[in-house]
Amino acid sequence: MGFREAEALLLTLVLGLCVTQLEAQLQVGLYRSSCPNAEKIVTEEVVKALVTHPGLPAGLLRLHFHDCFVRGCDGSVLLDSTPGSTAEKDSPINKSLEGYDVVDNAKTRLEAVCPGIVSCADIVAFAARDSVKLSKGIPYDVPAGRRDGRVSLSSETFTNLPPPTFNLDQLTQNFASKGLTQEDMVILSGAHTIGDARCSSITSRLYNFNSTGKADPSLDPAYAAKLKKKCPPNSVNSNRGVDMDPPSPTIIDSSYYRNLLVNRGLFTSDQTLMSSPVTASQVRKSAFNDLLFKKNFGAAMVKLGGVQVLTGTNGEIRKKCNVIN
């Protein structure tokens, strides 16, 4: 084991203990007495939104991930910018995030029936869980009790959110800084089994990988050719998009991992999971056991939802999710 690997492992162990302790402060069914219909209301808003936006589950999963990876799962990604400060949601990295309306609609209904009880951070976690279930994943229980943060800084997105160009070492270090293991990272990467990506996130990989003026040699040539048809060189600044997992872009399944086995990972950060024997073995396990992947994904989502949460008297319960009280 090299120094970097040992350093990442130590960091993961220390922060992982913190995540476990914070998870212990959260509770499944927390609102059973204080707001009995809390989770039902969130589910209803997610289902309602899916009627006009079938691709929303991927957006709600991404919203949860981007929330948890910056300041912890504290709803900071939902806050609007103020005259003196640019918030996370207005960072270039987050400009394509969606699902805010679902969270806001659920919050409005919840404040009407049980004001000041359910946090915006918990709504985001519930909506992500519902998205997994509605995408044919295995539903899981979401421990609740997160409180909402009061700070949101665009600048923090650049140092906390992993870009699609990250290699395996960079991804491992990034997830370790959140108390998540390399195995967690491989499983959570499976979220890319649904949704799409903008062409701007892959044009360099298609046309100028590592400043070579050519495509990434690790990308299957036939797949690269298809991607180039959908994302021509002039699509860098456009809203053109491609499916993350073409065989089943709206279903949570192990197809994502089977793509990696044949060099058809869309991002560098996807295909890099095949660059070490350990992670490649984990990819193969998920690729050939759909049920195992779905179970592991639910467990990893629960762990993600416990990253650096605010509990007790820390933070607040916002009345509106886009502004602090």
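In this predicted model, 17 residues of domain 1 are in contact with 18 residues of domain 2. The domain assignment of the chain places domain 1 at residues 27–161 and domain 2 at residues 168–303. Taken over C-alpha atoms, the centres of domain 1 and domain 2 are separated by 24 Å.

What lies between the two domains can be described by area and by the kinds of contact. Domain 1 and domain 2 bury about 1,500 Å² between them, and carbon and sulfur atoms account for 73% of that area. Five residue pairs, with both residues at pLDDT 80 or more, are in polar contact between domain 1 and domain 2. The count of salt bridges between domain 1 and domain 2, by contrast, is zero.

On the side of domain 1 that touches domain 2, the elements giving two or more residues are α3 (56–71) and α5 (120–134). Of the elements there, α3 gives the most, with six residues. Sorted by class, this side of domain 1 has 10 nonpolar residues, together with five polar and two charged ones.

The C-alpha atoms of the chain fill a box of roughly 55 × 45 × 40 Å, taken along the principal axes. How does the radius of gyration of the chain fit with that of a compact globule? For 325 residues, a compact globule would have a radius of gyration near 20 Å, and the chain, with 19 Å, agrees with this.

Terms used:
Residues are numbered from 1 along each chain as its sequence is written. This is a predicted model: local features need pLDDT of at least 70, side-chain atom pairs count only at pLDDT 80 or more; totals for chains, interfaces and linings use all residues. Side-chain values use heavy atoms; hydrogens and water are left out. Domain bounds come from an automatic or database domain assignment. Contact means heavy atoms within 4.5 Å. Buried area is the accessible area (1.4 Å probe) that two parts lose on being put together, summed over both. A salt bridge is a side-chain nitrogen of Lys or Arg within 4 Å of a carboxyl oxygen of Asp or Glu. A polar contact is a pair of N or O atoms within 3.5 Å; within protein, one must be able to donate a hydrogen and the other to accept it, and residues adjacent in sequence count only if both atoms are side-chain atoms. Helices (H or I, at least four residues) and strands (E, at least two) are DSSP runs, numbered from the N terminus. Ala, Val, Leu, Ile, Met, Phe, Trp, Tyr, Cys and Pro count as nonpolar, Asp, Glu, Lys and Arg as charged, and the others, Gly among them, as polar. The radius of gyration is taken over C-alpha atoms; the globule rule is 2.2 Å times the number of residues to the power 0.38.
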